[in-house]
Every structure is written in C-alpha cells, then in structure tokens.
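Hi,

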Amino acid sequence: MGGQKFQYDESGSTFVYFLLSFLALILVPCTYYCIFKKKEEKKLNKEQLSTFQPCKNKWARLERKDPGETVKKLLIKLAIILGWVLFCYVAYKTSQYDYEYANFDPYEILQVEVGASPAVVKSAYRKLSLIYHPDKKTGDEKTFMKITRAHQALTDETARRNWEMYGNPDGPGAISFGIALPSWIVEKENSIWVLGLYALLFMVALPVSVGTWWYRSIRYSGDQVLLDTTQMYYYFFHKTPHMAIKRVIMILGASAEFHRRNNPEIQERRSDNTEVPQLMKRLPQLNEKNKERPLCFMYSIKARTLLHAHLSRLDLPQSTLEEDRCAVIKKCPALIQEMVVCVSQLIMLAHAGRLSRMPSLVTLEGCMKLSAMVVQGLWECKSPLLQLPHITDENLKYFSSKRYQIRTLEQLARLKDEDRRACLHHLDDNQYNDLVLALGGMPYVDMSIKYEVVDDEATTVYTAGAIVTVTVALARRDLSVLFANEKDTSNEFIENGEVIAEEEEKQEPKKKTLPWQKNKGKRANNKKSGKKTPFKKETDDKKKVAAKSSKAASKTKDEESESCSEDDGEEEVEVDESDEVEGEAEEKSANNDSSEPEKDDDQLEKLQSDVAMRRQRLLEGKSQFSHSVYCPFFPEDKQEYWWAYITDRKQQILLTAPYHITNLVEHEEIQLKFTAPFKPGFYTFAVCLRSDSYFGFDQMKDIKMDVKEAAEIPTEHPQWEISDDEDEEDKNSEGSESEFATDDDDEESGKD
C-alpha cells in the first residue's frame, strides 16, 4: 500500500461526483412522485360524471385548492427545477474534469501535426509561451503548465517514453483515494463553525425531530385512532352490552378526534352559539341533556348534532357548519372500524371467561350498520332506493304500484330497460342516465362457502371441540351485469365448490289468492273423487313402511326354505361364489391401500399450496383500494370495504372476529376459524357478509354441521407393541458396555 494516498479533495473532482450522486438520489424519486404519479392517478369518478347536485358540490369542494397548499406545491416545483439546474451544472463540471484528465495529447496542445520534428515542436512552444506565460498580459498559468508538459513529453526521451506507455509524461502515478469533502472543513480557522454545525444537527435538530415524532405516534393506535378514543369505546361498550344505534351515535360523537385540541380541522366559531342551537331544534331525539362525561361536553354535542343533520340530509350553512360536517364525517369510517374491533374483542374476552358481561350481537351489527348510514347519509329505517341520485321520499311511491313492487336495488336492476324507464317516468333523460350509471356501479357479490377440519384425516367429519376452517370465496362484479342478462336471465351460483345453474322464471303477473283460498280447490277435488283429506300424514307413512317391511320379511323366509332344500352341488356353487366374494374384497382392500398414498399426496399438495398462498399474501401486504363508492353526501372518495364473520343466530353469539376485507376488486378468498361445539348434535351457523358502504347488499349463508363425539385417545397401537425378541435385545444391550464412563471407570484408570 506504499503507492496509495488518502487526502481531502482540494481540486474538487471527487466532491463533484459525490454531489452528483446525492442530487440524483433526491431528484429522481421526487420528480416521479410530484409530477408523473399524479397524472396516472387522475381518473374520472362516476360521481364526477353525474349531474346530481350533491355530486357537483362534493367534487367542487374536493377540487377547490387551498391557498396554502397552492403555495406549497409551487415551492416544491420550484425547488425541483432548481435542483435539476444544479444537477446539470455539476454534470457539466464532471465532464470537464474527465476530459482534462483522460485526454492529454501533446500534439493537440502545441497545435502541431502528429510526428512533427523537434525543431517544429520547439518553435510552437516558443510562440505559445509568449502568449500564455504568466508574466504576460494574456498569460494563463494553467494553460502554460499544459504547454510545458506537452513540450517536455515530445522533447525529453524519458518523458516521451512515459507518455507512450502510461499516457502521462510523469510516469505511472500513485493510486489516490480522495475523501469527497473539501479541505476547508479540517482547516484550523473553520473548526469552530464546523463543530457548531455538527452540534446543531446531531444534538438539537435530530433529538427534537425524533422526540416530536415519538410523542405524536404513541398517542395513536395502529389504525391512526387516538388511544383515548379507544379506551372510551371499551368503557361504554362494556358498561352497556346491549346498545341501540342512537346510543352508538352518541359515543361516536364523543370521540377525541372531534376536539379542536386533537384535530386542527375542527373550528370553534362565535356563530356556533346561534347556529348550533337552531339546528338542534330541528333534530328530535338528540338527547343533548345527557350528563355522562364526555357525552355532555360541548364538542361532543356539536359533533352529535352534525351527525344527526348528516343522516337527515339537512342543508347547512356552507361556510360554517357545512365545513365542520365534512371534517366530522370523513373521520367516522375509521372510528366505526375501531368500534367493531373493540366490541369483537370484548366478546372474545367474554367467551374466554375474562369478562362477566358480553356485548350482544345486535350491538356489533349496529356499529356495522352505522358505517353504511354515515357513508350514504341515511337512517336505518329508510329505503335503500334512496341511495340512488334524484330519488327522494316523495318518489318512492313510483316503486310500489299494481305492476311493480320494487324494494331493493337488485330488483330494480333486474327489470328490463323499458320497464325501468316506465317505472322512473318522472325523471328526465339526464337524471335517468345518472341513476342507471350509479346503479350499474354498485356491487354484485357471489359468496361461496367451504368448511372442513384441515388438520384431521377425515376433513368432513366434525367432532366436538375440533377447529373448523371456513373458506369464504367472494367474486365481485358490478350490478350492471344484470342489465346485460335481460334476455338471458340465467345466473350461476357457486355453493360448496359446485356450480349450480338456476334459471330464473319470467316475471308474469299472476292472480293473487287469499290465504284461506289456497287449499279450497284441493278439498273440492277430493270430495268429488270420494277421497278423504289426509289429516295425519305421518301415521299413514309409518303404516306403509311397516307393510313393506312385513312383505320383505316373508320373502326372505321363503328364500331360506328353498335354499335348505337344494342339492349338494348347489352348495358347492355357493362356496365358489363366497370365494369369489372374498377375492373381490381382497382386491378392494388392495385398491384402498394403493389409494391411501394418493390421498396423502393430495393433502400434502393442498397444504403446500395453502402455505405458498399465505406467504404470497404476507409479502404483498393488504391493499386499501377496491372500488369507489357512490356516496354523494360523503365528503371524500370512499373505498368499498366488507366485513365477514360467523354467528350463531339462535343464541345470538359471535363465533369469529369480523374480518375486514379491504381489497375485494374481483376475487378474494379468506379463512375464518372457530371451535366446534363441545356437545354433540346438529347445529346451524351463519356466515355473514356485510358492507360498510351500502344498504341492501348484505348476505348470509347457513352452515349445517352434524357434530359427533370426539374419538377416544388410543391406548394401544400395532407400532407400540414390542415383541419378546426385542425385549431380549434390549436386555442384552443393557448388559453391554455403555458409551459413557462411570465414576468407577475413572478410579480404575487413575490407579493404572
């Protein structure tokens, strides 16, 4: 290492490379994120294409630019432009350094032809030195040094040989490792300033930034909900296990996120003293006189009032309460999800015996319903058809007539276009197009269920206390697929892994029959034919079964008597037939033995595929983007999420914690696990799928299980039996020498 030197960059070439790479690392991702990525994300939402006034107001508010954000974006763009200008300048300087060091041509420097004579070289050197000598007015020290080196390389034999071999008249240079920092950093005159800069960065700025980040992060949970809010949810849901939706709204309004101290978007104005009381008079059942803390605080009452006004779709002052409503409502989906998590955890703790009072299933599902209520701006008792644009309470009468009885969005989508247009004749063409566009973008989900005991040999045998794995496969399509199936109204449903095609009957008007007239025609026909009406069907069936069994018994007796009177030859034939049966049984057993390894291989492949799929999901992460929800009264763009869980509807008990599905784009598969009942019997459970954004799209499918007693623990097994020969071998092995030395062996070896 004698030819290596470490020195600071006095010339500036090494520092230029460092600065160039540093600028590239910052400018390239910032430019992509601030310019190109935003262009890719700009896609027209269905609400933006609508002429519905709430949609226009919503997107006008979202596209309205805040002056502070405009200045911030302008400064960011200006900084990026200046950074690229600096990058180009540094790149130019770097190319100049490379050219000077890599291209040393003495003939080019002296401006003579290649292979010129020494006399020509000396004359060129004299002419150029008269011009660039430092003592002259036109002199340049750097250029004069180049001319001198070039003259030396062409006149001196040693210098000429070094230039031809190494490209440098001075010969091979030492390998230098430059530190990419200027030398003025270590100079004695600048030491105070350098130490002050280090102290400011690492002793003041870094601890303050880390401390600020840590103080803010410890106040929030993983879902960015304040811990004070989570503790309040646990307290109230444990205090009131069975809670109505209006009580849930009160607790939601008391969240700490709606306090000005925790949310700078919440404003406290002088106009609130007059506008909020006037709004409270228009809202019944607000329960503003409640004295519970923090339900009685002013911020809580204001937030509760805005929630009730949002669910009632009341018009608010645009510059004051409307801004506060948007700030409150856009926080609600995350808070309601935290409510669902808190209630489900309390239920699981009660199942484990750690809580005396278990929150009811009604409370949990009430929280889930509240999410759709907030997103759509509707009360629970309202019709789901009000989620469509241009539909009000006054227009609902058009959906209930002698010809049409439409109560759900799916029924409306299944109508033919002519019938749908006739039903909505009160809308003009633009309004009807808005309605069809919104209706076609709503979800149409097919749910299939498969349940089994994964870790058991017999996966379809459910024993008491076994872990049952329920695989829920979801296929999401737009509701517009029902528009395309107006002519061919055949739908396919997937249930327990089998595809069942079910043809829908054409909707034709039928004459209504009153309940007491349904069996009137049957009784009249029975009287004419002389037959009596079967009042006890079960007893007749039992008599028929008994008669059939008696006939079968008599036939078997006759066959036995005939078989006894047959010849010996016939007996030999029967023996041969029995031998054939035994041979067939042996073949079947052999086939079963050969099929067992195949089953094991199938189970192993299935297990490996499940593990690979889970690993891939963990690596990919959980996406938060699915489909945009049509919600004109929600202040932001909302993504479509779902909850999936298993319940016991008879006992109103939650069996699994709700799984929050946030990435249902087309297909999604989840697994829910629960413990089978410890008492044998026939049970029916329900797998529920509930939307957090829409009304009328919830689904429920039953799971019917025949739970049997668990098999006893085996005490004997062929592999556990030990023969006498193995016992003798064990005894002989015990008598043989051990591989470990005893204390006596150590003493004997010491004596020797």
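Below is what I found, starting with a few words on how to read it.

This is a predicted model, in which local features need pLDDT of at least 70 and side-chain atom pairs count only at pLDDT 80 or more, while totals for chains, interfaces and linings use all residues. Residues are numbered from 1 along each chain as its sequence is written, and side-chain values use heavy atoms, with hydrogens and water left out.

Let me begin with a pair of helices. (Helices are DSSP runs of H or I with at least four residues, strands are runs of E with at least two, and both are numbered from the N terminus.) Helix α14 (residues 332-351) packs against helix α15 (residues 361-376) at an angle of about 170 degrees, and their axes are 9 Å apart. Here axes are lines fitted to C-alpha atoms, for helices over the stretch in contact, and angles run from 0 to 180 degrees between N-to-C directions. The two helices are therefore roughly antiparallel to each other, a term for angles over 145 degrees. On the α14 side, C332, I336, M339, V340, V343 and S344 meet L364, C367, M368, L370, S371 and V374 of α15; contact means heavy atoms within 4.5 Å. By class, this contact has 10 nonpolar, 2 polar and no charged residues. Nonpolar covers Ala, Val, Leu, Ile, Met, Phe, Trp, Tyr, Cys and Pro, charged covers Asp, Glu, Lys and Arg, and the others, Gly among them, are polar.

Next, a sheet. Its 3 strands form an open sheet in the order β3-β5-β11, with antiparallel pairing; two strands pair if DSSP finds at least two bridges between them. Both β3 (443-452) and β11 (667-675) stand at the edges with a single partner strand each, so one side of each has no neighbour in the sheet. Strand β5 (residues 467-478) is joined to β11 by 9 bridges, and T471 stands opposite Q671 in β11.

Finally, some backbone details. The loop between α11 (272-281) and α12 (298-311) holds P294, which is joined to R293 by a cis peptide bond with omega of about 5 degrees. Q285 is in the loop between α11 and α12 too, and has a positive phi of about 55 degrees although it is not a glycine. Is Q285 buried or exposed? Q285 is exposed, with a relative accessible area of 57%; buried means under 20%, exposed over 50% and partly exposed in between, using a 1.4 Å probe and protein chains only.

Best wishes

Definitions and conventions
Angles under 35 degrees count as roughly parallel, over 145 as roughly antiparallel, 65 to 115 as roughly perpendicular and the rest as oblique.
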